[in-house]
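Open the model in your viewer and keep the sequence panel beside it. The stops below are meant to be selected one after another.

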Amino acid sequence: MSLMIYNIRSGSNGNASYIGTEKSGILIDCGISAKCITASLHEVGIHPGSINAILITHEHSDHINGLKVLGKQLNVPIYASEGTLDSMQEKNKLPENCKSYSLRAENSFFIGELEILPFEIPHDAAEPLAYRVFSKGYSASFVTDLGFFPKKIFDTVQGSDFLLIESNHDVEMLNTNTQYPLYLKKRILSKKGHLSNDTCAENVLKLCQQGSKHILLGHMSQNTNTYDIAYQTTLSTLTQANAEQNTDFTLHLARHDRHSKIYLLK
């Protein structure tokens with residue numbers, strides 16, 4: 001018996017992750033096409049019909065673009081905060097006749113063998129949430145789209161065996177990008193924007209010191225970051241603290257063009 005986790009896609013153009021056991025499975029976000037998600041599930045041996053629910057973090061398009069089609073195909077309930085559900089309803093982004101359930105931060109609930117703890121994140125959306133999922137004696141946290149990493153979030157996710165964490169941008173690349181207007185740069189750098197590589201690395205180190213082992217860097221900008229810069233920023237922070245790769249931690253990338261490494265916690 002094991003807990004399986006993998007990121008289907010991650011980036012500014014679309015996000016979706018899977019976590020499940022032999023009996024229960026959920027998607028966290030549905031920001032890419034239903035075709036891509038179902039193909040990726042089949043590729044790793046998961047039948048889409050085994051998905052029990054779709055959890056949404058917030059209503060931005062890169063997290064819900066495939067929801068109407070996939071939600072209708074799977075006919076499973078949609079879980080999100082009340083603010084997120086209201087926003088999706090107003091924008092006609094929910095599947096027709098779907099069952100939806102509103103979540104409150106810090107109120108955990110169960111979907112089959114999975115216990116899910118939603119918690120607030122600082123982002124410029126209606127009522128955004130992140131999730132920590134518990135099962136089989138393990139836990140995994142999915143934390144992207146946040147402008148900073150407050151102590152409350154650190155306390156909520158510390159001890160997670162697996163962590164998908166945002167490493168969105170390199171600050172210098174962002175500041176020198178001539179294609180981004182000033183208002184967009186300010187939004188990204190704000191406390192309701194996105195995590196920089198440096199902020200990500202600082203918190204990954206602290207979380208690894210508290211027991212987290214498997215780190216997956218995600219939601220990277222294709223315009224103000226590179227996979228190599230993001231990876232090396234966190235890797236150097238960990239190794240400079242004398243942490244040993246593949247002994248004290250594993251570090252991988254969640255990409256926009258293919259699914260991530262598959263994690264089996266058992």
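Predicted model: local features only at pLDDT ≥ 70, side-chain atom pairs only at ≥ 80, totals over all residues.

Residues are numbered from 1 along each chain as its sequence is written, and side-chain values use heavy atoms, with hydrogens and water left out.

**Salt bridges**

Side chains of opposite charge can pair when their charged atoms come close. A salt bridge here is a side-chain nitrogen of Lys or Arg within 4 Å of a carboxyl oxygen of Asp or Glu. Searching the whole structure gives 5 of them.

Select Lys 136 and Glu 113 to begin. Their side chains form a salt bridge with an N to O distance of 3.4 Å. Lys 136 sits in the loop between strand 9 (129-135) and strand 10, and Glu 113 in the loop between strand 7 (109-111) and strand 8 (114-120), so this pair ties together parts 23 residues apart in sequence. Helices (H or I, at least four residues) and strands (E, at least two) are DSSP runs, numbered from the N terminus. Lys 136 is partly exposed at 32% relative accessible area, and Glu 113 is partly exposed at 27%. For these labels, buried means under 20% relative accessible area, exposed over 50%, and partly exposed in between, with a 1.4 Å probe and protein chains only. The areas themselves come from the Shrake-Rupley method, and for residues only the protein chains shown count as cover.

Next, select Asp 124 and Arg 187. The closest N and O atoms of this salt bridge are 2.5 Å apart. Asp 124 belongs to the loop between strand 8 and strand 9 and Arg 187 to helix 7 (residues 182-189), so the pair ties together parts that are 63 residues apart in sequence. Asp 124 is partly exposed, with a relative accessible area of 29%; Arg 187 is also partly exposed, at 27%.

Move to helix 5 and pick Asp 155 with Lys 151. In this salt bridge the closest N and O atoms are 2.7 Å apart. The two residues are 4 apart in helix 5, which means a separation of about one helical turn. Asp 155 is partly exposed at 33%, whereas Lys 151 is exposed at 62%.

Which residues are linked to Asp 257 in a network of salt bridges? Select Arg 255 and Arg 258, which join Asp 257 in that network.

**Charged patches**

Patches are made of residues with over 30% relative accessible area and no salt bridge; like charges are joined within 9 Å. Lys and Arg count as positive and Asp and Glu as negative, while His and the chain ends are not counted. The place of a charge is NZ of Lys, CZ of Arg, CG of Asp or CD of Glu.

Select Glu 82, Asp 86, Glu 90, Glu 106, Glu 120 and Glu 127, which gather in a negative patch on the surface. Helix 4 gives the largest share of this patch, 3 residues. Glu 90 lies in helix 4 and is exposed, with 69% relative accessible area.

Now select Lys 68, Lys 72, Lys 91 and Lys 93, a patch of positive charge on the surface. Lys 91 is placed in the loop between helix 4 (82-90) and strand 6 (100-103), and is partly exposed at 47%.

**Single residues**

Stay in that loop and select Asn 92, which is found between helix 4 and strand 6. Asn 92 has a positive phi of about 55 degrees although it is not a glycine.

Go on to Asp 145, in the loop between strand 10 (138-143) and helix 5 (151-157). Asp 145 is another residue other than glycine with a positive phi, near 60 degrees. Is Asp 145 buried or exposed? Asp 145 is buried, with a relative accessible area of 1%.

In helix 9 (residues 227-240), select Thr 233. Thr 233 counts as buried at 16% relative accessibility. Its side chain reaches the backbone oxygen of Ile 229 at 2.7 Å, a polar contact being a pair of N or O atoms within 3.5 Å, where within protein one must be able to donate a hydrogen and the other to accept it, and residues adjacent in sequence count only if both atoms are side-chain atoms.

Finish in the loop between helix 9 and strand 13, where Asn 246 is found. Asn 246 is exposed at 56%, and its C-alpha atom is 8.8 Å from that of Lys 213, 33 residues away along the chain.

Key
Patch = residues over 30% accessible without salt bridge, like charges linked within 9 Å, V, L, I, M, F, W, Y side chains within 5 Å. Areas by Shrake-Rupley, 256 points an atom, 1.4 Å probe, with all protein chains shown as cover.
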